[in-house]
Amino acid sequence: MSAETAREVVVEVRGVHKSFGSLHVLRGVDLEVRAGEVTVVLGPSGSGKSTLLRTINHLEKVDRGWIGVDGDPIGYRAHRGRLYELKEKEVLRRRTRIGFVFQNFNLFPHLTVLDNLVEAPVSVLRRPRREAETTARRLLDRVGLSDKADAYPLQLSGGQQQRVAIARALALEPKVLLFDEPTSALDPELVGEVLEVIKDLARAGTTMIVVTHEIGFAREVADTVVFMDDGTIVEQGPPAAVLDAPRHSRTRAFLSKVL
Ligand code: ADP
Ligand code: MG
């Protein structure tokens, strides 16, 4: 077995289907993300990218199929081959295995930057506040915002808010970080600082799934590029294959519009 295949699978998506009413949004999705890998998901609007991330996080339940994060489903306990739904509190605790960074930052506006980072470790993981603050300050330093600990989110630029959101996601020491178009809501001149932080995390070996339209970023950072269309993964592989020599006409059509 090569070193590559020996890496543990952190996120495993098997045969996942999801409908909203009569709208069949995920139509049999299979995806495997291994420790330390960056997977970039591309695809047209409405292809199911956000829904896929939300099912991984158990913000949406799947209709069919299985999703494991670090070996377990987020919303269920497996016992003798059957799945039992977990209580909301247990789901919240398991969900800390996943960090989620949204397009619109979703910071708590009434809390300072520091308290945004301290809240979940204290309330969900029952960490002592002092310890959570020490971690929070270290993470703010990591995203270049150690001087903003006492500011409120709305006093920051969009790029700074998104860097706080990334630090907040890291505060729970997740096994994997999910990003849903983390730079789409930003003014163009602020995109770079956020992508830089994500690149730093990639270099440090953070396992990530990043939905983005930033093709240059995908080329530079992704281990695997996944192209989704109409609720299925049409094609996936290393960036050089999917971006420069796509095999499917739908991938080619999409890339010709965004490149
Ligand atoms: P993407 O992120 O690729 O743009 P989404 O996963 O957000 O795509 O959406 C895929 C499809 O599912 C879209 O047609 C969208 O309108 C629909 N959809 C997403 N969430 C819901 C929901 N909660 N209820 C009904 N339809 C939804
Ligand atoms: Mg989306």
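In which sense do strand β3 and β9 pair, and over how many bridges? Strand β3 (residues 38-42) and β9 pair in the parallel sense, over 4 bridges; two strands pair if DSSP finds at least two bridges between them. This is a predicted model, in which local features need pLDDT of at least 70 and side-chain atom pairs count only at pLDDT 80 or more, while totals for chains, interfaces and linings use all residues. Residues are numbered from 1 along each chain as its sequence is written, chains are lettered from A and ligands numbered from 1 in the order in which they are written, and side-chain values use heavy atoms, with hydrogens and water left out.

- Helices (H or I, at least four residues) and strands (E, at least two) are DSSP runs, numbered from the N terminus.
- In β9 (residues 208-211), Met208 and Val210 point one way, whereas Ile209 and Val211 point the other way.
- In a regular strand the side chains alternate between the two faces of the sheet.
- Met208, Ile209, Val210 and Val211 are all buried (under 20% relative accessible area, with exposed over 50% and partly exposed in between, for a 1.4 Å probe and protein chains only).
- Strand β8 (residues 176-180) runs parallel to β9 and is joined to it by 4 bridges, with Phe179 opposite Val210.
- From β8 the chain passes through helix α7 (residues 188-203) to β9 in a right-handed β-α-β crossover; with the strands pointing away from the viewer, the path from the first strand over the helix to the second runs clockwise.

**Surroundings of ligand 1**

- The residues around ligand 1 include Phe20, Pro44, Gly48, Lys49 and Thr51, a residue being near if one of its heavy atoms lies within 4 Å.
- An oxygen atom of ligand 1 lies 3.0 Å from a polar backbone atom of Gly48.
- Taken alone, ligand 1 exposes 550 Å², of which the protein buries 59% (Shrake-Rupley method, 1.4 Å probe).

**Helix α2**

- With 3 residues, α2 gives the largest share of the shell around ligand 1.
- Helix α2 (49-56) is mostly covered, as 6 of its 8 residues are buried, among them Lys49 and Thr51.
- After α2 comes His58, whose phi is positive, near 60°.

Methods: Polar contact = N/O pair within 3.5 Å; in protein donor to acceptor, adjacent residues only side chain to side chain.
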